[in-house]
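Hi,

Here is the structure I promised to pass on. Have a look at it first, and then read my notes below.

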Amino acid sequence: AVDVLSHELAKIAVVASEEEIRYRVHAALDRAHCMILDSAGVAPDARLPGTTVVFGLLLNHRLYVAGVGDSRAYLYRGEALTRITTDHSWVEEQIERGMITRDEAFRHPQSNIITRALGTDPIPAPDLYVGSIEASDRYLLCSDGLTTHVSDEEIAERVGGEADLDAAAAGLVEAANREGGLDNITVLLV
C-alpha cells in the first residue's frame, strides 16, 4: 500500500490545481485500497484486512494531509497543538454524539474499533486537510500506538518543548512504550 501511494502521489505536479491535487489524493488512496483487497485474496464472506493511513504532501506552499482510520496528524503552531485529522472510530463517533467526553475516550475499551480503513468494504472516504504553512510550524503524523498511550497534552509538551525534532519524536515513542506500548508506535515529526 505504501509503494502504491508513493508512486501515485509522486505523479502530482507542483503546478496542479487544488482540485486536481484533491482528486489525485483520493485516486491514490482508492488504488491502495484496491491493491490491499487484491493482495488479500480472501473469500467473499471472509473478514477483510484493513490498515489505517495518514500522510502529508507539501505542494504549492500548502500542506495537504489525508487520513483514513485512527492514525493522526497534528499541527503545532504558536505553542498550541491542534489535531488536523479526525479518527474514524466508534469512540470518536460517540464523542461527536455527546455520549462520552474526550477524557473518557482516551482509554476507552472500544477505542480500537475502526469505522474506516483501507482494505475494507466499502471504499473509505478519506478526510483531507489543506492548510497554509508557517516557518515555525511542526507537523506530527502518528499511529494510534502513540495516541492510545500519550495524551494530547503530553504530545504538545514534547513537540513544543524540544528543539531537536528527532529527540522529540524519540521522546514520544519512549513515553508510549513506558505507558504500555501495546501497538506499533509510528511517529514522524517535521
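Let's start with helix 7, which lies across strand 6 and strand 7 and runs at about 155 degrees to strand 7. Contact here means heavy atoms within 4.5 Å, and angles run from 0 to 180 degrees between N-to-C directions, with axes fitted to C-alpha atoms (for helices, over the stretch in contact). Helices (H or I, at least four residues) and strands (E, at least two) are DSSP runs, numbered from the N terminus.

Keep in mind that this is a predicted model: local features need pLDDT of at least 70, side-chain atom pairs count only at pLDDT 80 or more, and totals for chains, interfaces and linings use all residues. Residues are numbered from 1 along each chain as its sequence is written, and side-chain values use heavy atoms, leaving out hydrogens and water.

Now the sheet: it is open, with four antiparallel strands in the order 4-3-6-7 (two strands pair if DSSP finds at least two bridges between them). Its edges are strand 4 (80-83) and strand 7 (187-189), each pairing on one side only. Strand 6 (residues 138-142) is joined to strand 7 by three bridges, and leucine 141 stands opposite leucine 188 in strand 7.

Helix 6 lies across strand 3 (72-77), strand 4, strand 6 and strand 7, at about 55 degrees to strand 3. The axes of helix 6 (residues 152-161) and helix 7 (residues 165-178) also come within 8 Å, crossing at roughly 150 degrees. Glu154, Ile155, Arg158 and Val159 in helix 6 meet Ala168, Gly171, Leu172, Ala175 and Arg178 in helix 7.

Cheers
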